[in-house]
Amino acid sequence: MTTPFGLSTVLGYPRIGPHRELKHAVESYWAGRIDADALQETAAGLRAEVWRSLRDAGLDAVPSNTFSFYDQVLDTTVLIDAVPDRFRHLGLSDLDTYFAMARGTAREPALELTKWFDTNYHYLVPEVGPDTVFTARPDKAVREYAEAKALGVATRPVLVGPATYLLLSKATGDTPEGFRPFDRLDDLVAVYADILGTLADAGVAWVQLDEPAYTADRTSDEIAALRAAYRRLGSVEHRPRLFVASYFGDLGDALPALLGTPVEAVGIDLVAGPANLKRLASAGPLRSKTIVAGLVDGRNIWRTDLRAATATGAVLTGLADHVAVSTSCSLLHVPVDLAAEPDLDDDLRARLAFARQKVDEVVALGRALRDGVGVLPPPPPAAPAAWRNDAVRARLDALRPEHVRRGPYAERAAKQQARLGLPPLPTTTIGSFPQTQELRQARAAHRAGRLDDAGYAERMRAEVAHVIAVQERLGLDVLVHGEPERNDMVQYFGEQLAGFAATVNGWVQSYGSRCVRPPIIYGDVTRTGPMTVAWSTYAQSLTNRPVKGMLTGPVTILAWSFVRIDQPLVDTANQVALALRDEARDLEGAGIRVIQVDEPALRETLPLRRADQRTYLDWAVGAFRLATSGVADATQIHTHLCYSEFGEVLPAIDALDADVTSIEASRSKMEILDDLRTTGYQRGVGPGVYDIHSPRVPEQAEVTDALRRAVAAVPADRLWVNPDCGLKTRGYAEIEQALTRLVAAAAEVRSTL
Ligand code: GLN
Ligand code: ZN
């Protein structure tokens, strides 16, 4: 069989549906409102809609198996039957076993959830031990292929590749010292060989194997293992043609390694990894290989300059026998359809492309490669002058190093302590309090116009008063207002800053059924007025204890938005930082003594390759300092970082120069303490002692124990006592119990100091 690859494809497509139909169906199924058949029917409808629309758009290579009820890595766990025994033994249907792995059951905790490379998508971490038995179970991929075939679309099933799967896995069970899941690659490749045979039997002509793990730093052994794996898969006699896709950056030495195997097609990301082009050129003429060129950005929402992309495509045509055009990665990371946005400004709309529009771009590029650029639409127009704000630019130009420097930490700490009078081991929380059903209902009613602005504000103020009263009763030292007014910690600021646009239907899957609607930063960012001051001062008016002002930091705002690409990220970050700087000053002026600037995404957007990390950390740290250095030394700046593996970024955390940093440490068994001790970290720190990601309430003795260990690593006058993240997903009953124990544990350890 020698079906050519075709000229145009996408590496994947959103599966949630244009109006989050999948989310609603899956959640209804979980709640018992619909049965499995109804869920399957909705899913089949969504898949059919995607295949038809991709084909009708003129795409000549259409992917399948990009649908998932929860996550494609979890699907791969099922594909190779690496389901952990603790879920097998539940005696549930296949579908319910699948959801049990994703969500946990009353007895079994779910698989761990973690970020997919440097994106805000989360996958379920596979558990692989030395004895995990892999078995080929390609039922889903085969079924979906047949389903599409029946609709007249011959598709290319997409699978996570074996090397990436194992590199993303964590070791489980009784693992011998030094065991890595990756050690099992040969066994897994044998199973993939079986899978290829089954797919070929089903009539599959091409299969896509995703190996994005190779756009991160890899050892030469890992690259050699990749080469060996694809030599072996390439030598399988009865198989579809192999397309190995990469994305999120430069493949480095893995590119020549892959080109040296019998795989028929290799995909490169030319948006995030332009260096791939040079690497390809130096690989020599590529006979009998198809290069799939990721020329359309799969992670951002701007229209592609099709003429520039065609020029790149033309260079490739000189290098390889066959060139196809694709998106740089799966379109999973962008909203479905610009046509579903009724309210966007025309100037902005003219510059945007969501998933459906990106398919048109890919098709146009494929045709241009064949027929020449004559057929292409002109490039997107330059940004209108109205998007520019010379005042903010002038302010940034005028900034000098002394503007982003605060006094020495020790002096600040003394002034803050004189003002705050806190006990050793002060207790606090991270910001949000439970988002109750009533709060959500009030928000929905407000959105639907059933509750007016005044009524809504009244409802939120009542909630703030309640949250303050609860904290006073529990005896916490530094209080929060609870963030009831915030739908989302980035969207909330995006809605108030100039230069940001919000979408109505621009949902992107974050994990499972959870979707987010990232705002679009399209122009210069400015603050049009105070954004949080009224809430914080109201909360402060109800208590004598300090209430923390609560802001989202510039790095996180950028990470969870679609960001303009017509200027360096650092410039956009600094514009956002200036707005936050003004907000912090206003909070301070209104009597707020402690301000927390959250940066949960700081670690997430760390570049995959070490060589790129320095530049990132420089601008990230610079923007944070710009946001936080406008206040007096006596104002205490906190930050919160939502990640447990901090060792490598600890110097950057130090450089943030926050007075207090709270860290998500409870799940990693406070390994961070070792890092803090060995690096001699000098500032205030609150390693989380209550894991809010689990409904389990810790015993007081556990908290006391954690604190004792922490006191051994960090001097008590710099150690804070707090949960490891916000409380918004929890219920009042559990958090009151947990916080009671947390306060009591702090008192207990304090009394022994
Ligand atoms: N202040 C935020 C909250 O408590 C922080 C959330 C986060 O770390 N993701 O909800
Ligand atoms: Zn957090």
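Analyst: A residue is near a molecule or strand if its C-beta atom, placed from the backbone, lies within 6 Å of it. This structure is a predicted model: local features need pLDDT of at least 70 and side-chain atom pairs pLDDT 80 or more, while totals for chains, interfaces and linings use all residues. Residues are numbered from 1 along each chain as its sequence is written, and chains are lettered from A and ligands numbered from 1 in the order in which they are written.

User: Which residues come nearest to ligand 1?

Analyst: Gly431, Ser432, Pro600, Cys642 and Gly726 do, out of 13 residues around ligand 1. The shell has 6 nonpolar, 4 polar and 3 charged residues. (Ala, Val, Leu, Ile, Met, Phe, Trp, Tyr, Cys and Pro count as nonpolar, Asp, Glu, Lys and Arg as charged, and the others, Gly among them, as polar.)

User: Now the sheets. In what order do the 7 strands run?

Analyst: Strands of a sheet pair through backbone hydrogen bonds, either parallel or antiparallel. Here the order is E1-E5-E7-E8-E9-E10-E11, in an open sheet with parallel pairing. (Strands, E, at least two residues, and helices, H or I, at least four, are DSSP runs numbered from the N terminus; two strands pair if DSSP finds at least two bridges between them.) E1 (62-64) and E11 (320-327) each have a single partner strand, so one side of each lacks a neighbour in the sheet. From one strand to the next, the twist averages 30°.

User: How many bridges join E9 and E10?

Analyst: E9 (residues 265-269) and E10 (residues 286-296) pair in the parallel sense over 5 bridges. Gly267 stands opposite Val292 in E10. Helix H14 (residues 355-371) lies across E10 and E11, at about 160° to E11. (Axes are lines fitted to C-alpha atoms, for helices over the stretch in contact; angles run from 0 to 180 degrees between N-to-C directions.)

User: At what angle do H22 and H23 pack?

Analyst: Two packed helices are described by the angle between their axes and the distance between the axes. For H22 (residues 569-589) and H23 (residues 610-628) the angle is about 20°, with the axes 7 Å apart. H22 and H23 are therefore roughly parallel. (Angles under 35 degrees count as roughly parallel, over 145 as roughly antiparallel, 65 to 115 as roughly perpendicular and the rest as oblique.) The crossing is right-handed. (The near helix is turned clockwise from the far one; anticlockwise by less than a right angle is left-handed.) Contact residues include Leu569 and Val570 of H22 and Trp619 of H23. (Contact means C-beta atoms, placed from the backbone, within 7 Å.) By class, this contact has 11 nonpolar, 2 polar and 1 charged residues.

User: How is H26 set against H27, and at what angle?

Analyst: H26 and H27 (residues 732-751) pack at about 45°, axes 9 Å apart. That makes H26 oblique to H27. The crossing is right-handed. Among the residues that meet are Val703 and Leu707 in H26 and Leu742 and Val749 in H27. The contact has 8 nonpolar, 2 polar and 3 charged residues.

Definitions and conventions
Contact = placed C-beta atoms within 7 Å.
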